[in-house]
Amino acid sequence: MFQPQKIIIADDHPLFRQALLGTLKNKLSQTQWLEAQTIAELEQQLQDNNDSDLLLLDLNIPGAHGFSTLIHVRNHFPQIPVVIVSAHEEHNTISKAMGYGAGGFVPKSTPVEDIFTAIVTVLSGEIWLPKSFQDTPKNGESCDIAERVASLTQQQYKILMMFAQGLLNKQIAYDLNVSEATIKAHATAIFRKLNVRNRTQAVIAIAQLDLTEKGFEQS
């Protein structure tokens, strides 16, 4: 069987990662498993390992805004297929994830054997979905903002996520080791691409990509 060289797993729940890897490492013994618990760690893994064969992505990894991470990865690392692994199992969520470029969607309630099957299926170029899934129409407004987010450069996307965290331009400039003027220039470009006037409107815009179903608190 084909043994992928590298797979990134982005999930902030150590018990889930350990349980998943405990099984998958036995089946994919030649694969290097790279882990990320936050958006910052995932971004670093992607930068350092852009030759990875697959990304297993939890939609609610800390720092993420719903589908924005999936959209960003598919736009800037199109060579890396993405399988969403999430406790968020509503049909509408699955439909949107596939519409935004996921190669598969695996509910966390799925038996590990089926998760392994999903990985092999996507690595072979096919789509994998839970048997219970029935496709639903995508929301046009969300698709529009998704396209706008996808148009951001990697640096612009990183700054937008910092805006969402409430960081000031001065703090962002310090963290990214650039001038405050550079951040302001990036901000102007971000606002133009998102078709908004300020950072508050930008954060509201990407909130359309959040997982907002009532009663869902963690993945």
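Which residues are buried in helix α8 (residues 169–176)? I opened the notebook with that.

**Ground rules.** I am working on a predicted model, where local features need pLDDT of at least 70, side-chain atom pairs count only at pLDDT 80 or more, and totals for chains, interfaces and linings use all residues. Residues are numbered from 1 along each chain as its sequence is written, and side-chain values use heavy atoms, with hydrogens and water left out.

**Entry: helix α8.** I found Asn-169, Ile-172, Ala-173 and Leu-176 buried in α8. They span an arc of only 100 degrees around the axis, so they sit on the same side of α8. The arc is that of the directions from the helix axis to the C-beta atoms. Buried means under 20% relative accessible area, exposed over 50%, and partly exposed in between (1.4 Å probe, protein chains only). Helices (H or I, at least four residues) and strands (E, at least two) are DSSP runs, numbered from the N terminus.

On the other side of α8, I noted Lys-170 and Tyr-174 as exposed. The cover over the buried residues includes α7, α9 and α10 (199–206). Just after α8, Asn-177 has a positive phi of about 60 degrees.

**Entry: aromatic pairs.** I looked up ring pairs and got two. Phe-67 and Tyr-100 pair edge-to-face, 5.3 Å centre to centre, with 65 degrees between the planes. Phe-67 is in the loop between β3 (54–57) and α3 (68–76), and Tyr-100 is in the loop between α4 (91–99) and β5 (104–107), 33 residues apart. Both Phe-67 and Tyr-100 are buried.

Phe-163 and Phe-191 form a tilted pair, at 6.1 Å centre to centre and 35 degrees between the planes. Phe-163 belongs to helix α7 (residues 154–164) and Phe-191 to helix α9 (residues 180–194), so this pair ties together parts 28 residues apart in sequence. I wrote down the cut-offs: rings of Phe, Tyr and Trp (its six-membered ring) pair if their centres lie within 6.5 Å; planes under 30 degrees apart count as stacked, over 60 as edge-to-face and the rest as tilted.

Why does Phe-163 count as buried? Its relative accessible area is 4%. For Phe-191, also buried, the value is 14%.

**Entry: Ser-52.** I located Ser-52 in the loop between α2 (39–48) and β3. Ser-52 is buried, because its relative accessibility is 4%. Leaving aside neighbours within four places in sequence, Ser-52 is in contact (heavy atoms within 4.5 Å) with Lys-6, Ile-8, Leu-34 and Ile-80.
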